[in-house]
Amino acid sequence: AQLSCLARLLAAKNLTADFGSFPPDLLLFFPPSEVRAGTCREFYARASRGNLDLLPRGSSRRTQLLRGALTCLGVRGSRLEPQQLGGLGALVCDLEPGTIPASGPAVLETLKLCPALTGAQQDALNALLLTGDTAYGDPSSWDLRTLQDLGPLVLALNQTTLGLVAEAVREDFRRSIAAAYSSQGHSQREKSLILLRAFAAASAASHPRLKRSEDGCPSEPITADSIPFLTLEELDLCLSSDFLIENLEAVLEQPISTESSQILKKKVDQFFSSGIPEEQLKRLGVLSRQYTEQEISQWPVTSSDTLSALLSPSGGEWEDSQVQQLLSRFLALGGSLTGPLLQEIGGKRLCNLREEQIQLIPAEAIGTAGQLNISLCSQTKKEQLYGKAREAFASLASIPGPYYCQLRPYLGGAPAEDLKDLANSGVAINMDLDTFLALNPEELQKLSVTDVKNLLGENLLELKKAENEPLVVSWVKIQSQRELDCVLGIGLQGGLQEPTTTVPTPARPTTPASITSTATVPT
């Protein structure tokens, strides 16, 4: 709503001619009627680079945007020339399905800009590819490189198109997806799973007489590589717990959906009916994320190696509540947090620990934990962590520069006395503004104008840019304006004014009316 209002305001001030200085996202909200004909091509080319998801698909504003672009580019019918397609950019994603085959092979490259195609658009895309009259040729001639060159369009291929691709090529492509799966983010993994299911379906269709045993399981022995191609029912019915535990690492290297992970978890729990041994916890990988806080509270996590293995990012994202329970269990069993473990935990989750748990962290662990962001911690926890950092780096106290650099992440918990010591160390601290604004507000109020000047050093001018920050405003209010002007000299206003001193004028002696003011001077 704010973007829309701002766009209308700018348009009302006739600023559409200067659209190049505005972000593409804002241009999506410009009224099409305000776009000038002379610069409309440049306007829509820039607007198409914005995030179209800001406008719901099918909304009147998004539809008007496409119509305005088509009119500007001189599109008269369903067929678009390559130059017109290039001018549309990502707006091509909203074209009618009939436009895809009508525009010919040139449309394929622009369709790669689309995060998703409608079902009708996918049908039109496949129809175009099946003609063989594109740069990719007939699907029966495709190789691994062709599938890779199709990029995101491969997600839109239907079973008819995939069925024409040689089985060996499909297998090579499947293996390439599986090899990259472990290093992908969540959204990319979801796309990979969609592809694997599509290719699995194509393979199944090409082997309609695949033999099954009487219990409905594949007659061929299950291997780790074949698990992504099993249905959920087959995975539950046919995968033995013994095979899973023996080959757990190899199985977990495969692209596995959340639903499949839940089945694998169930089989692990069945195998270890009396509880998962600590050595086996290290092997859980992505499965560990399927366990509830209650289940985690029963784990025998006693060694830092086990905790480190469980926290490894290769297993995917944990929920904060799961990590909290995992750390609580580790500490309750006598575990001690080390520097490397603190790095893996991260500052955000460290702040979720209870105060009594933070108190158990050794100072030397803070000394080897690197830069931790504790900005989300409560003030009490910041003070706890600062105290441990101060102890960890005490040997550097006589070298102010390095000492400050090590303490910087924890200075939000520093008392005014320690900040004054840094300010008066005789060495330029050059505290950055972010660190300054993260100081404890109560302690900052105790710093003098000279203290602040010495702390900020060459970054003093940055304080002027933050003059409206509540922390700065409250500090300025209790400082002498004369000091702010003379010591800082950066134009901060709002300090205490010096009281005006009035010098009394000496009273004149009154002269009686009967006495003359003329004096007699002897000669």
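**Close-up views of an all-residue predicted model**

**View 1. Overview of the protein chain.** The protein chain has 32 helices and zero strands, where helices (H or I, at least four residues) and strands (E, at least two) are DSSP runs numbered from the N terminus. This is a predicted model, in which local features need pLDDT of at least 70 and side-chain atom pairs count only at pLDDT 80 or more, while totals for chains, interfaces and linings use all residues. Residues are numbered from 1 along each chain as its sequence is written, and side-chain values use heavy atoms, with hydrogens and water left out. Of the 523 residues in the protein chain, 43% are buried; buried means under 20% relative accessible area, exposed over 50%, and partly exposed in between (1.4 Å probe, protein chains only). Among contacts (heavy atoms within 4.5 Å) between residues at least 6 apart in sequence, 60% join residues at least 24 apart.

**View 2. The nonpolar cores.** A nonpolar core is a set of buried Ala, Val, Leu, Ile, Met, Phe, Trp, Tyr and Cys residues joined through side-chain atoms within 4.5 Å. The largest one has 86 residues, and those with the most contacts inside it are Trp-299, Leu-337, Leu-342, Leu-411, Phe-436 and Leu-463. Helix α20 (residues 320–332) supplies the largest share of this core, five residues. A second, separate core of 55 residues includes Leu-27, Ala-47, Ala-124 and Leu-153. When residues up to four places away in sequence are not counted, Leu-463 touches Leu-433, Phe-436, Val-452, Leu-456, Val-472, Leu-488, Ile-490 and Leu-492.

**View 3. Helix α16 and its cover.** Helix α16 (residues 258–271) has 14 residues and reaches 20 Å from its first C-alpha to its last, close to the 20 Å expected at 1.5 Å a residue, the expected span being 1.5 Å times one less than the number of residues. Its buried residues are Ser-260, Ser-261, Ile-263, Leu-264, Lys-265, Lys-267 and Val-268. The cover over these buried residues includes α13 (232–238), α14 (241–246), α15 (248–252) and α18 (293–296).

**View 4. The surroundings of Asn-126.** Asn-126 is found in helix α8 (residues 119–130), and it counts as buried because its relative accessibility is 2%. The side chains of Asn-126 and Thr-161 are joined by a polar contact of 2.7 Å, a term for a pair of N or O atoms within 3.5 Å of which, within protein, one must be able to donate a hydrogen and the other to accept it, with residues adjacent in sequence counting only if both atoms are side-chain atoms. A polar atom of the Asn-126 side chain also lies 2.8 Å from the backbone oxygen of Gln-122. Leaving aside neighbours within four places in sequence, Asn-126 is in contact with Ala-156, Leu-157, Asn-158 and Thr-161.

**View 5. Aromatic pairs.** Rings of Phe, Tyr and Trp (its six-membered ring) pair if their centres lie within 6.5 Å, and planes under 30 degrees apart count as stacked, over 60 as edge-to-face and the rest as tilted; by this rule the count comes to three aromatic pairs. Phe-43 and Tyr-44 form an edge-to-face pair, 5.2 Å centre to centre with 85 degrees between the planes. Tyr-291 and Trp-299 form an edge-to-face pair, 5.3 Å centre to centre with 65 degrees between the planes, and both Tyr-291 and Trp-299 are buried.
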